[in-house]
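User: I would like to discuss the packing and the covalent link of one model. Please show the sequence and the structure.

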Amino acid sequence: MKSSILDRVLIAKFAILGVILLTSGAAAIYFWLLADLPPISSVETRLVRPTTQILDRHGRLLYEVVDPNAGKQINLALATLPAACIQATLFTEDSRFYYHPGVDPIAIGRAVWQNLNGRAVVSGGSTLTQQLARNLLMPPPERYEQSLRRKLREGYLAWRLELRYTKDELLALYLNQTYYGNWAFGLEAAAQVFFAKPAAQLSRGECSLLAGLIQYPTGYNPLLEPQTAKARQLTVLRLMQEAGYLTAEQAAQVAAEPLRYRSNLFDIEAPHFVMYVQDLLVQQLGVEAVRGGGLRVTTSLDLDLQRQAEAAVRRRLDQLNCRTPGVCDAYTDPNRRVDNAAAVVLDSQSGDILSMVGSPDYFDSHIQGNVNAALTLRQPGSAIKPLTYAASLDPAWSARRGQPPLTPATILADLPTTFYVKDVDQLGRQIGNVPYAPVNYDRAYHGPVSVRAALANSYNIPAVKVLDQIGVDALQQIAGQAGISTFTRDYGLALTLGGGEVRLLELAAAAFGIFEQGNRLERAICALRRTTRRLRSAALPGPQVITPQTAYLITDILSDPVARIPAFGQGSILELPFAATRENRHHYRLSDNWTVGYSAQRCGRLGGQCGQHAHAGRERHRRRRSHLARPDAGCAHANAAAFCARITLSSCRSAVSAVCCPRRLSTGAKRALHRQHGTTRPDDQFQTITIDLATGQRADASTPLNRRAQRTYWRLPPTYRQWMLAQGIAIAPPRLCPFNRQIYSFQ
């Protein structure tokens, strides 16, 4: 009996202890996990957003972001939204939305399995309700935590939301509040921002594209990354097909639908730049911090220069299309229509973006004007050639391939040449070699040309020969180190002629930035500060890509008005107070025309007028051909080759009697020759010969005095013979062997 009583007492004590432990544990879990969570009713109060202001560098307003709910955003009932948009969102983000209580155990299990197999986080398993709970109810610092506590709290809030709202109400809330990028919160705002139409009018193709943006709005932004956005749309269509909503044929039809991006008119300055800033703000601060509003963002843009650049772009297009009475570009093809253009101007010291024009009219739907051409991928044509020559002139890059560096005086043969390059199939596998015969833009061959002349006149064949010598991988490496991130495929020799796509901003900020002193600018900067806290620090000099001597030589060539005369003529559009290169690319009726220039203050893609505006008030640069100070030593490499100092090709085209030789070089000219070409070696390419007027052959001891005459000939190797004949250049008569009278060549 006594034992029984003791047992009951002991059990009671253990029970009390258990209750205490469970209560304490539950309380601890509650306070650790749930105590500070907001009430579900706070969802409605969190939808109101204050405004954000985006300013230029002088504090002038570029754009004021209005509260999307009170202004441009309209909350739509689920019944008014296109079924295609609803289905695309569900099958992409939460295919079991209508079958789970806010948390989907099947999706979580699938995500765990995928993550374990991939040994990385490749799937999260979050439902639409969890995303709503995270974005509308959880504090910003916690939303992006990768922790069990955050997942548990998120799941609890999702369950509470499911208890308060119906599935249709939650889906409508999700579609009206989700961030689609480019400051568009909700499907209606996204439809207007990207396609300038109400959501009810969206096509299946447009719905599938917008549904794909939700996962990564800044990375899939179709106005900045149209190719990436298109690839994401194809993924959405595949998921819809796998779910049975689309057949394979229907998915192919939707994928083939053209996507024409356009925007509704609203009050904004520098719209492409503002949208670029908004994406950067989202990347740096997070969607919710930007969405919360109240920001005052001062950017690097100079609004005055921006307006001048916009006017220059429109003026240039008017000239190209003969839209201005009495003003027409001399090279205008009546069968060609030029609709679009872009320009950027950077501060070459700090990397600040001073101007960004992504199209002539952001709101012109006919040219998809809201697509920012300054950030999309385009082939740069000959604007990439300076990097090729930089690798060939730089001693360090030359040493990598075990060859001496070229000099501006090195002679290259601009002659018909066939290269054999590897051919690959669609999977990138080599399947053999194919002939490749580049041609110059003017369809002519210019014979022996110096590196200076080849680069200044943008001749194609010498550039391909130089790339063949240094290797395509060298150009990819120097471009990558300079900051071009897009040369990632397997390219052929056409890479130096623009065979790889680049972004204008990268080409201006990184690639041409190295020609200042050899160092790469780390990045282009646009958002300077938010209230009192800096968003980005000033650009610091990056790693040295080329030597200052090589940078000086490339700059000196690109700013040489005499060297470019054969191709561009005297007083051309490139007669600017800074170094510049220009490229025209024609594909049927399409044309890309690149002009890239830089100085000690500015660099970017510039037309002549835009460049002059960028240098307004900087007249000292107009009086100097090269804006950089010449380095103390090393500009002329030791193996300087002979320099052809002939006057013009036309002086060599007449008959044998023509004198084809340079003028005598004065002492000052010799100094200039050394400064510009790295050599003082006398020009020995011309030879004066006494000929027999009766035979046209070399005179000998038996030739009478009245039949003797002196003629000067251009001495070139045998490889130039056919070119000389085609150009009408007299060839020196061969020597005769004094013993057997056999003819042998003078070369």
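User: Against which helices do the buried residues of H10 pack?

Analyst: This is a predicted model in which local features need pLDDT of at least 70 and side-chain atom pairs count only at pLDDT 80 or more, while totals for chains, interfaces and linings use all residues. Residues are numbered from 1 along each chain as its sequence is written, and side-chain values use heavy atoms, with hydrogens and water left out. Helix H10 spans residues 204-213, and nine of its ten residues are buried (under 20% relative accessible area, 1.4 Å probe, protein chains only); helices are DSSP runs of H or I with at least four residues, numbered from the N terminus. The buried residues of H10 pack, by contact of heavy atoms within 4.5 Å, against H3 (83-93), H9 (187-195), H11 (226-242) and H12 (248-256).

User: Which residue forms a disulfide with Cys 85?

Analyst: A disulfide is counted when two cysteine sulfur atoms lie within 2.5 Å, and the structure holds one. The two sulfur atoms are 2.0 Å apart, and the partner of Cys 85 is Cys 207.

User: How many residues apart are Cys 85 and Cys 207?

Analyst: The pair links distant parts of the chain, with Cys 85 in helix H3 and Cys 207 in helix H10. Their separation is 122 residues.

User: Is Cys 207 buried or exposed?

Analyst: Cys 207 has a relative accessible area of 1%, and Cys 85 has one of 2%. Because its value is 1%, Cys 207 is buried.

Terms used. Buried < 20%, exposed > 50% of the residue type's maximum accessible area, 1.4 Å probe, protein only. Helix = DSSP H or I, 4+ residues; strand = E, 2+ residues; numbered from the N terminus.
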